[in-house]
Amino acid sequence: MSFTSIPNQPIIFTSNTVVDCPDCGGDYKQLLDFNDQVFFQVESTPCDLSVLFKYDTIESAWGVPVDNQVCSTALDVSGLYCQLLRTNFIYQLYQVEFTVLTLDQGSLTVGMNGSSSYVLTLPGTYTLYFANPTMTNDSVTLCFGSDSWIGCLSTNGIFVYGLASENQMKVGIVDAITLETVDIIAPTYTVKDNKITTAFALTDVALGEGCYRLAITDFCTNTCGQMYLYNGIFRDANGVSGWTATALVTLSEGQAEFNLPLASDSGSITQNTSNDLCDGLQYYVSVFIASRTNVRIYAVIGGNQEQFFGTGYQTVLITADGNNPLEILVQEFGGAPAAAIINLVEISIENDSIQWDMYSDVLAIGDYNDECKYYKIEGCNAEDQFNLAFGASSFLPAIRLEGRKFRAQYVTEVNNFRFASGKYQTTYVDREKKWTFAFGRLPEYVLDFLSTIFYYDNCYVNGDLYYAIDGEFPDVEYNDADELGALNIDLALKSSKVRKTICSNTDADCLPSILDNDDEPFLLAQDLQRLTTEDSVNLYQEFIL
């Protein structure tokens, strides 16, 4: 499986949409307002066709590897150890695993041509990620280099995998019960390491009030062959794997060559390792035709075929007839000899035919913006936390819950001082106001999320910044054997401060007030302002009868 949900977020994908037992969370529906933004994050992992294989190795200065390791023994030596790596599929994201055996001095730089690079200063086993490296003849170059490194690198355990990136993910909204496609989403993506953040606004989707699920496809599963054809670039690793060719067709590095010397000759290549295409579904089949002479070229699935015209990159839409593989058929037409060279074959499913692989829990979409009844909880971190990517990812997970805010309480820290005269004075007060937020009947994955988001760098509840004032997450309460839990948590505003600090022993007399002037004829005032001493004591006129 290429895309895996990361725990502790409000949207989790699974292939199972059946509730296994009654009262185990099946009646929970996650609320989404029509104006909400939706975020989720998945981790991309290797699948069977992901492993890249070496094409060539280039060394300079450090010499030829000995005992499966290459070493640098002196500083200021411009060392380089590179591997040119072939792939059976053109990826945009790569995972590299390797071990630095020793690193006694300096640093070691690891990079892919055209992508990012990393500077290592400690020995150990590393897993690094590279996005959008430069492709050269459908190969990528991985290099270890430095002129300030003394140490040894293991050349026996370097593994490079191509990972599915955002361009290999399809996202949709489906009916909560039938799982039929309601709409296809065009999200905004960010990729950090192997974590893909997906975001979209519900205002961009035409949905009525009701219950739905999010759905995604899985690149590795490749249901009905909808995501890719294996080795559609004809990479030759001891033979062009993934294809079967008839007579008059030569498969070699990067091309399928058709030579038809006689009239009515034909030749074809057929996929033999991908999932068979599914009956009745529509597919876009694309080929790159480098050259053609006196031929007709077709995409064939079962009894259906569609013709390619011209040269260069050509695409047709074809409906699969039966559960059959894709065949590219070339027939002589217009005179012999006839010939054609094809460099690439690609496939993708038409949107209405997408076969979804994983689904979210039920989402109830409607009008839930009453802030006295519904509470939108969202948050972010400045750096990666809780195994989720935040820095440079724009990830803003959120959930909307029905609940209650009540029981205002005041946490105070107070210092009192007593003078020798017996008078008390409050010299310091620090007061925080907290509220109890109550949320009930929540499934475990939602509780997982809540147990982390209140400790984010920024946690918003209906747009205001809060934090968990008591520190520990409260105990979750359950009714009998019900797996839906309830909790009460005390939250305080993150930026509020109500404080008193006395730096002198001045004591103000507050009564009577300026509003009491008419009832206090002996209070001295001018222009409706009280006259007081330097110590703010009211002045009175002595009146003698």
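**Group meeting: a salt-bridge network and its surroundings**

Hi everyone, let's start with four residues: Asp36, Lys376, Glu378 and Arg400 are linked in a network of salt bridges, a salt bridge being a side-chain nitrogen of Lys or Arg within 4 Å of a carboxyl oxygen of Asp or Glu. Before going on, a caution: this is a predicted model, where local features need pLDDT of at least 70, side-chain atom pairs count only at pLDDT 80 or more, and totals for chains, interfaces and linings use all residues. Residues are numbered from 1 along each chain as its sequence is written, and side-chain values use heavy atoms, leaving out hydrogens and water.

Between Asp36 and Lys376, the closest N and O atoms are 3.4 Å apart. Asp36 sits in the loop between strand 2 (30-33) and strand 3 (37-44), and Lys376 in strand 31 (residues 374-380), so the pair ties together parts that are 340 residues apart in sequence. Strands here are DSSP runs of E, at least two residues, numbered from the N terminus. Lys376 also meets Glu378, at 4.0 Å from N to O. Asp36 and Lys376 are buried, meaning under 20% relative accessible area with a 1.4 Å probe, protein chains only. Glu378 is buried too.

In total, the structure holds 10 salt bridges. Another of interest joins Lys434 and Asp490, at 3.5 Å from N to O. This pair connects strand 33 (residues 424-442) with strand 37 (residues 485-493), 56 residues apart. Lys434 counts as buried because its relative accessibility is 14%, and Asp490 is buried at 18%.

Note on methods: Helix = DSSP H or I, 4+ residues; strand = E, 2+ residues; numbered from the N terminus. Buried < 20%, exposed > 50% of the residue type's maximum accessible area, 1.4 Å probe, protein only.
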